[in-house]
Amino acid sequence: MNTMNNLLYMSPTGDGWKNLAADEWFLDHLPEDTVLLYFYINDNAVIIGKNQNPWRECDLTAMEQDGVQLVRRVSGGGAVYHDGGNLNFSFIASRTRYDEQKQFELILQAVRSLGIACEFSGRNDLLAEGRKFSGNAFCHRGPNCQHHGTLLVDADMGRLQRYLKPDPRKLRAKGVASVRSRVCNLKELCPGLTAEAVRRAVADSYRAAFGGCEMWEPDAAGVAAYYEKQRSWEWRMGKTPPFDVELEERFPWGGVQLLLTLEAGRVSGLEVYSDAMDAGLPERLRSLLTGRKMDELSGPLRGTGDPQLADLAGWLENL
């Protein structure tokens with residue numbers, strides 16, 4: 001295969017807004033029949049999923065005091081803390097070339113090449129000695145797909161716990177007492193390891209898996225518009241509108257918070273917050289539940305064939 005169809009880029013900046021802006025620009029502008037591996041390192045940032053409520057997930061006061069960026073990505077999933085000890089990667093590929101299994105495997109091969117035994121777990125985690133060192137999230141848009149994740153190499157675990165406020169029910173479900181106890185740095189298992197060494201190992205694994213690659217850079221002028229979106233209050237913070245009813249539950253696939261506005265007993269407005277991997281869940285819920293009476297919310301969710309919506313229907317029926 002022509003190596004020009006396999007691209008590689010390493011961001012020179014530690015600005016989370018710029019790095020996630022480039023990540024989205026790549027998703028929208030990748031050439032046809034192409035795979036890109038994009039690396040970046042963010043300086044002191046909390047990255048939240050597309051549908052999360054920052055007021056609930058983060059200690060925004062502590063972040064402001066310490067100069068920590070709040071960054072929202074376009075994919076679903078939960079919140080993570082990034083610093084210089086945290087290597088981030090993003091596979092962006094046309095649908096004809098996108099292969100999650102291959103992408104996960106080349107990351108695992110790279111980590112194993114450093115002498116660290118590791119494995120894939122669940123839908124989106126990589127583990128070493130039973131602890132998570134990599135979380136991953138996904139976004140499909142138009143002709144392209146994105147799989148991005150983080151590799152904890154030498155992250156400051158104290159700061160991670162200072163800024164993130166996970167739902168305690170999520171931790172109980174995993175049988176652990178804190179964020180810190182269920183994650184690990186790769187440096188703990190390979191003393192002296194650096195983020196740069198991990199980046200080289202992953203890049204080598206990528207070249208081996210795809211038969212070589214070419215360097216590619218984003219268009220600076222094109223990325224600028226995405227940067228303005230990333231840094232905007234509207235994108236990062238969103239809004240919590242006035243609401244009449246709050247419903248909240250956690251499922252095996254993620255937590256859901258519904259804020260319902262009612263008029264004459266029917267749902268006239270619905271805000272949905274979730275750390276589920278499915279980034280399109282809020283939009284589907286709004287389309288199915290808006291205009292419904294409070295006592296008939298489960299019905300529209302039952303007939304979709306979607307197991308997540310079926311779980312929600314069962315919960316709503318038992319309120």
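These legends walk you through several close-up views of a predicted model. Residues are numbered from 1 along each chain as its sequence is written, and side-chain values use heavy atoms, with hydrogens and water left out. Because this is a predicted model, local features need pLDDT of at least 70 and side-chain atom pairs count only at pLDDT 80 or more, while totals for chains, interfaces and linings use all residues.

**View 1. An open sheet of 3 strands, in the order β12-β13-β14.**
The pairing here is antiparallel; two strands pair if DSSP finds at least two bridges between them. Strands (E, at least two residues) and helices (H or I, at least four) are DSSP runs, numbered from the N terminus. At the edges sit β12 (245-251) and β14 (266-274), each pairing on one side only. From one strand to the next, the twist averages 20 degrees. Look for 7 bridges between β12 and β13 (residues 254-263), and 8 bridges between β13 and β14. V256 is a handy landmark in β13: E249 stands opposite V256, and S274 in β14 is the bridge partner of V256. β13 and β14 form a hairpin with 2 residues between them, where A264 in the turn has a positive phi of about 55 degrees.

**View 2. Helices α10 and α12 against the strands.**
Helix α10 (residues 281-289) packs on the sheet and touches β13 and β14, contact meaning heavy atoms within 4.5 Å. The direction of α10 makes about 165 degrees with that of β14. Helix α12 (residues 307-317) lies across β12 and β13, running at about 125 degrees to β12. Axes are lines fitted to C-alpha atoms, for helices over the stretch in contact, and angles run from 0 to 180 degrees between N-to-C directions.

**View 3. Q257, a buried residue in strand β13.**
Q257 counts as buried because its relative accessibility is 7%; buried means under 20% relative accessible area, exposed over 50%, and partly exposed in between (1.4 Å probe, protein chains only). The side chains of Q257 and E246 are joined by a polar contact of 2.6 Å. Such a contact is a pair of N or O atoms within 3.5 Å; within protein, one must be able to donate a hydrogen and the other to accept it, and residues adjacent in sequence count only if both atoms are side-chain atoms. Leaving aside residues up to four places away in sequence, Q257 touches residues including N53, R56, E248 and Y273.

**View 4. The salt bridge between E248 and R56.**
The closest N and O atoms of this pair are 2.6 Å apart; a salt bridge is a side-chain nitrogen of Lys or Arg within 4 Å of a carboxyl oxygen of Asp or Glu. E248 lies in strand β12 and R56 in helix α2 (residues 54-57), so the pair ties together parts that are 192 residues apart in sequence. E248 is partly exposed at 30% relative accessible area, and R56 is partly exposed at 36%.

**View 5. The largest nonpolar core, with 40 residues.**
A nonpolar core is a set of buried Ala, Val, Leu, Ile, Met, Phe, Trp, Tyr and Cys residues joined through side-chain atoms within 4.5 Å. F133, V202 and Y206 have the most contacts inside this core. Helix α7 gives the most to it, with 8 residues. Not counting residues up to four places away in sequence, F133 touches V111, L126 and C184, among others.
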